[in-house]
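My entries follow in the order in which I checked things.

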Amino acid sequence: MSSSVPRRLAWVTVSSSPSASAPGLDPIADAAPLSLCERAPHVPADRLVAEMVPPPRFDSVRFSTYLPDPNQPSQTEAVGVLEGFAAGLGGAHAVGGRGRGFLGFGKARAPKTPAGPRGVYLDGGYGVGKTHLLASLWHATPAEPALKAFGTFVELTNLVGALGFQQTVQTLRGHRLLCIDEFELDDPGDTVLVSTLLGKLVDAGVALAATSNTLPGKLGEGRFAAADFLREIQGLSAHFRALRIDGEDYRHRGLPEAPAPYSDEEVTKAAYATPGASLDDFPHLLGHLAKVHPSRYGALTDGLRAVCLTDVRPVPDQSTALRLVVLADRLYDREVPVLASGSAFDKLFSEEMLNGGYRKKYFRAISRLTALARDGERLVRGD
């Protein structure tokens, strides 16, 4: 990885008192496991923005590492268009660039906006590498990392929640590029909020790139629809060029089969045997998440090598479920394995939730937690 790319760092000191060993178990590690429930991270505003870089699993991706399917010419075409888009940002000037302070204050100069679309939208189904290409665009844009931002739609809305709308505008308006992965079209309020924010940033000369999720009622269709995205962002549509990326679509594969849960004893023993692992009771953790702003969930997981959960059970309500989705995304970004007892992860959400307006989020959370649970199996095997 290039030394110019910032890594997500642990900026918070947390207090963890030793967890009690389960009856009949002798601690194997020198120290008791950590506890997510004992962490109350405080993340300064400037560091929330500094963390808006491609997640660790996309640290090293580049256009050169994307392998287009020779049977899908749109993939090769997309790489060429995005490379040209990145190169065209080299001379772009965003209002409040180097002449402003970090949070964008100071006298603004008129933006020198280059001709052509100031945004690109990657339109494609699962498994075609949209996030790989989006992260590659971030890496390829010729600007220092402090002038580029990369985050999911949820992370962007959480940033607005933490900083406030005007402060978010001031913070991001000096950026050269803002990449938004998984632009979510299932919450009209958040969509309007982010569309308004992007309008302010476009006026300031910030270039945009995005992928999106499907609208309610579209789950199961073969691909994302650019028309949905462009309609929902309304006045911003003229600023975006849609790039269709065809490829093998995995949307009909259904829910992945989650690994069978382990016993409480096996999970606890593995937590003690794994340095840097956390151990929490799942219902207790869900209660704790309600006390921590979702923008801090990344910091909540800083330094963890594994997450061990006992008594996993279906989530009781939608607010709790949506918080769990954000935590699952942060764990997946950081590739933190998960080991659990209780219910399997494909039983977390009720049928009503999986058939409702937020079902896309829940399917994604199940898929990601299942992948992390498969990684967590090595904790029991002692690999």
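I took helices to be DSSP runs of H or I with at least four residues, numbered from the N terminus. With that in hand, I noted that α4 is followed by G164, whose phi is positive, near 95 degrees. I keep in mind throughout that this is a predicted model.

Next I looked at the chain as a whole, and I counted 13 helices and eight strands in its secondary structure. Of the 383 residues, 53% are buried, and among contacts with a separation of 6 or more, 85% join residues 24 or more positions apart. The accessible surface comes to about 16300 Å², with 51% of it belonging to carbon and sulfur atoms.

I then returned to α4 (residues 153–163), where nine of the eleven residues are buried, so the helix is largely enclosed by the rest of the structure. The buried set runs F153, V154, E155, L156, T157, N158, L159, V160 and L163. I found that their cover includes the helices α1, α5, α6 and α11 as well as the strands β2 and β3.

As α11 was among that cover, I followed it to its packing with α13 (residues 359–381), where the angle is about 45 degrees and the axes lie 9 Å apart. The two helices are therefore oblique to each other, and I recorded their crossing as left-handed. On the α11 side the contact includes L322, V325 and Y332, which, with others, meet a set in α13 including Y362, R368 and L372. I sorted the residues of this contact into eleven nonpolar, one polar and four charged.

Methods
Residues are numbered from 1 along each chain as its sequence is written. This is a predicted model: local features need pLDDT of at least 70, side-chain atom pairs count only at pLDDT 80 or more; totals for chains, interfaces and linings use all residues. Side-chain values use heavy atoms; hydrogens and water are left out. Axes are lines fitted to C-alpha atoms, for helices over the stretch in contact, and angles run from 0 to 180 degrees between N-to-C directions. Angles under 35 degrees count as roughly parallel, over 145 as roughly antiparallel, 65 to 115 as roughly perpendicular and the rest as oblique. A crossing is left-handed if the near helix is turned anticlockwise from the far one by less than a right angle, and right-handed if clockwise. Contact means heavy atoms within 4.5 Å. Ala, Val, Leu, Ile, Met, Phe, Trp, Tyr, Cys and Pro count as nonpolar, Asp, Glu, Lys and Arg as charged, and the others, Gly among them, as polar. Buried means under 20% relative accessible area, exposed over 50%, partly exposed in between (1.4 Å probe, protein chains only). Accessible areas come from the Shrake-Rupley method with a 1.4 Å probe; for residues, only the protein chains shown count as cover.
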